[in-house]
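Subject: Structure handover and findings

Dear colleague,

Please find below the structure that I am handing over to you. My findings follow directly after it.

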Amino acid sequence: MATPKVLVTRRWPAAVEARLSELFDADFNSSDTPLTPEDFREALQNYDAVLPTVTDRIGAPALELTRPQTRILANYGVGYSHIDLDRVGRHGMVVTNTPDVLSECTADLAMTLLLMAARRAGEGERELRAGRWTGWRPTHLVGTKVSGKTLGIVGYGRIGQEMARRAHHGFGMKIVAYNRSKIAPEVLARCDAIQVDSIDELLPQCDFVSLHCPGGAENRHLIDSTRLNLMRRDAFLINTARGEVIDELALSQALWFETIAGAALDVFNGEPNINPALQDCENLVMLPHLGSATREAREAMGFRVVDNLRDFFDGREPRDRVN
Ligand code: 8YV
């Protein structure tokens with residue numbers, strides 16, 4: 001068989017790029033800017049494998065073609081709501097992702113956001129850098145205690161469980177979990193977690209709510225104004241999942257009118273553009289999609305893609321096939 005032609009749509013860690021070049025006839029998008037749907041369509045006609053990221057929206061415009069050359073989309077990331085699995089499937093393409101290897105780092109970042117929101121770290125840093133700090137005083141930037149509080153986790157998969165582990169064993173937090181399917185008793189027992197039957201049941205009990213469910217049409221606006229109203233006035237919302245899971249306008253109103261205490265977001269609808277309604281909320285921490293952004297996780301994600309490609313081109317079922 002000829003060496004498979006592979007397109008990597010963004011620049012990846014050097015060690016992974018080197019390995020891809022050893023194994024495949026690999027091209028890298030040297031501009032490191034997102035491909036347009038037209039570029040993507042062309043790629044699907046010229047490469048055996050395309051290795052997309054979250055910045056590639058793979059829907060109707062990119063897929064308007066009759067006979068793609070591409071047989072596998074090996075996604076660099078665990079979330080794949082940017083890929084229209086139905087349409088891709090109609091073209092007979094296999095899709096894989098990179099679970100497990102980023103769970104710890106994403107949970108680390110979710111915990112960072114939780115702590116930043118509770119302890120008003122963003123506000124403090126903004127004040128200091130703007131030269132507005134007038135010195136210590138007993139009532140200055142007083143936040144909320146984290147230890148011992150109740151954390152609600154929406155989506156008790158790999159990342160949700162890592163978050164629970166940090167919060168429970170590190171901060172003595174009580175864990176309440178919502179998950180579409182039943183969570184095994186031994187999994188709940190690891191963090192003394194209890195599973196509730198609905199998000200509506202979870203929200204009013206929690207001091208903090210952290211989202212770890214998939215994005216996509218199914219979970220669009222899972223947290224809307226009605227659900228935000230179920231949260232307590234002193235509660236915080238954390239999102240390291242996908243932007244579309246929250247109705248951002250409703251969230252901006254909840255933050256502005258302080259019907260919740262604060263929020264912290266790593267992901268946004270329409271990234272990299274930020275909804276202007278969010279920009280003015282002082283009680284909001286925002287990070288630019290850094291969940292898996294460690295050297296270790298990003299390399300491991302790349303090598304996981306390599307494993308999936310090798311399986312596929314050697315005629316085995318890729319371990320991380322999602323469709
Ligand atoms: C990635 C992520 O950085 O894996 C995911 O789903 O959101 C991030 O960890 C990004 O998706 C890379 O494609």
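The protein is divided into domain 1 (5–101 + 295–313) and domain 2 (103–286), with bounds that come from an automatic or database domain assignment. The centres of domain 1 and domain 2, taken over C-alpha atoms, are separated by 31 Å. Five residues of domain 1 are in contact with seven residues of domain 2, where contact requires C-beta atoms, placed from the backbone, to lie within 7 Å. On the side of domain 1 that touches domain 2, the residues divide into two nonpolar, two polar and one charged. In this division, Ala, Val, Leu, Ile, Met, Phe, Trp, Tyr, Cys and Pro count as nonpolar, Asp, Glu, Lys and Arg as charged, and the others, Gly among them, as polar.

Please note that this is a predicted model: local features need pLDDT of at least 70, side-chain atom pairs count only at pLDDT 80 or more, and totals for chains, interfaces and linings use all residues. Residues are numbered from 1 along each chain as its sequence is written.

Ligand surroundings

The ligand is surrounded by Thr53, Val54, Tyr76, Gly77, Val78, Gly79, Leu102, Gly291 and Ser292; a residue is near a molecule or strand if its C-beta atom, placed from the backbone, lies within 6 Å of it. The shell around the ligand divides into four nonpolar, five polar and no charged residues.

UniProt annotations

Two annotations from UniProt apply; their positions are given in the numbering used here, feature names are shortened, and annotations may be inferred rather than shown by experiment. The record, an unreviewed entry, places "domain: D-isomer specific 2-hydroxyacid dehydrogenase catalytic" at residues 21–323. Over residues 21–323 the chain is 36% helix and 14% strand, with the end C-alpha atoms 27 Å apart. Helices (H or I, at least four residues) and strands (E, at least two) are DSSP runs, numbered from the N terminus. From the record, also as an unreviewed entry, comes "domain: D-isomer specific 2-hydroxyacid dehydrogenase NAD-binding", which covers residues 111–291. For residues 111–291 the figures are 33% helix and 15% strand, and the end C-alpha atoms are 11 Å apart.

Helix H7

Helix H7 (residues 158–171) has 14 residues and reaches 19 Å from its first C-alpha to its last, close to the 20 Å expected at 1.5 Å a residue. The expected span is 1.5 Å times one less than the number of residues in the helix. Ile159, Gly160, Gln161, Glu162, Met163, Ala164 and Ala167 are buried in H7. A residue is buried if 20 or more other C-beta atoms lie within 10 Å of its own, exposed if 12 or fewer, and partly exposed in between, with C-beta atoms placed from the backbone. The buried residues of H7 pack against helix H5 (103–118), strand E6 (150–154), strand E7 (174–178), helix H8 (185–189) and strand E9 (208–211). Just after H7, Gly172 takes a positive phi of about 60°.

Backbone geometry

Most residues other than glycine have a negative phi, and most peptide bonds are trans. Which residues have a positive phi although not a glycine? Asp100 has one of about 70°, and Leu141 has one of about 40°. Asp100 lies in the loop between strand E5 (94–96) and H5, and is partly exposed because it has 13 C-beta neighbours inside 10 Å. Leu141 is in the loop between helix H6 (121–129) and E6; with 12 C-beta neighbours inside 10 Å, Leu141 therefore counts as exposed.

A cis peptide bond, with omega of about 5°, joins Glu271 and Pro272. Pro272 is found in the loop between E11 and H12.

Further positions

Ile274 is in the loop between strand E11 (262–265) and helix H12 (276–279). Ile274 touches Phe268 and Gln279, not counting residues up to four places away in sequence. Because 16 other C-beta atoms lie within 10 Å, Ile274 is partly exposed. The C-alpha atoms of Ile274 and Met286, 12 residues apart along the chain, are separated by 9.7 Å.

Gly124 is found in helix H6 and is partly exposed, with 15 other C-beta atoms within 10 Å. Gly124 and His140 are 16 residues apart in sequence, and their C-alpha atoms are 9.5 Å apart in space.

Glu258 is in the loop between helix H11 (248–256) and E11, and counts as exposed with 12 C-beta neighbours inside 10 Å.

Yours sincerely

Notes. Two residues are in contact if their C-beta atoms, placed from the backbone, lie within 7 Å.
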